[in-house]
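Here is a short briefing to read alongside the sequence and the 3D view. Have the viewer open, and follow the residue numbers as you go.

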Amino acid sequence: MDDPLIVVALLLVAASATAAVAVRDPVRQALVLSVLGITLAVLFTVMQAPDVALSQLAVGAALTPLLLLLSVRKVGRRARRGNRKGKGKAR
């Protein structure tokens with residue numbers, strides 16, 4: 001195995017994981033989580049596990065961030081709808 005290549009891939013995974021934890025906005029977190037999934041897939045490919053890398057690409061880089069983005073969008077809609085209903089009522 002190429003040790004320098006593995007070290008670079010591990011550093012990329014560590015940097016993207018740190019960025020995923022540091023970001024506060026949920027939409028940006030989902031996007032950084034997608035980048036983390038891609039870097040993990042690269043790491044798995046470098047470590048000669050292409051089947052795991054393909055699964056990581058499908059689930060970690062595409063499906064999970066998509067579901068998070070859809071959830072954030074739906075929660076945001078409900079919050080806006082709840083604010084509009086509360087404004088029309090007299091106290």
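This is a predicted model: local features need pLDDT of at least 70, side-chain atom pairs count only at pLDDT 80 or more; totals for chains, interfaces and linings use all residues.

**Helix α2 itself**
- Helix α2 has 21 residues and reaches 30 Å from its first C-alpha to its last, close to the 30 Å expected at 1.5 Å a residue.
- The buried residues in α2 are A30, V32, S34, L36, G37, T39, A41 and L43.

- S16 belongs to helix α1, which runs over residues 3-22.
- With a relative accessible area of 7%, S16 counts as buried, because the cut-off for that label is under 20%.
- Not counting residues up to four places away in sequence, S16 touches V32, V35, L36 and T39.
- Seen from T39, and leaving aside neighbours within four places in sequence, the contacts are L12, V13 and S16.

**The nonpolar surface patch**
- V27, L31, L69 and V72 make a nonpolar surface patch of about 280 Å².
- V27, one of the patch residues, lies in helix α2.
- Is V27 buried or partly exposed? Its relative accessibility is 36%, so V27 counts as partly exposed; that label falls between the 20% limit for buried and the 50% limit for exposed.

- Where does Q48 lie? You will find Q48 in the loop between α2 and α3.
- Q48 is exposed, with a relative accessible area of 62%, as the label requires over 50%.
- The phi of Q48 is positive, at about 60°, although Q48 is not a glycine.
- Most residues other than glycine have a negative phi, so this is a backbone angle to look at in your viewer.

How values were computed. Residues are numbered from 1 along each chain as its sequence is written. Side-chain values use heavy atoms; hydrogens and water are left out. Helices (H or I, at least four residues) and strands (E, at least two) are DSSP runs, numbered from the N terminus. Buried means under 20% relative accessible area, exposed over 50%, partly exposed in between (1.4 Å probe, protein chains only). Contact means heavy atoms within 4.5 Å. Patches are made of residues with over 30% relative accessible area and no salt bridge: like charges are joined within 9 Å, nonpolar side chains (Val, Leu, Ile, Met, Phe, Trp, Tyr) within 5 Å. Accessible areas come from the Shrake-Rupley method with a 1.4 Å probe; for residues, only the protein chains shown count as cover. A salt bridge is a side-chain nitrogen of Lys or Arg within 4 Å of a carboxyl oxygen of Asp or Glu. The expected span of a helix is 1.5 Å times one less than its number of residues.
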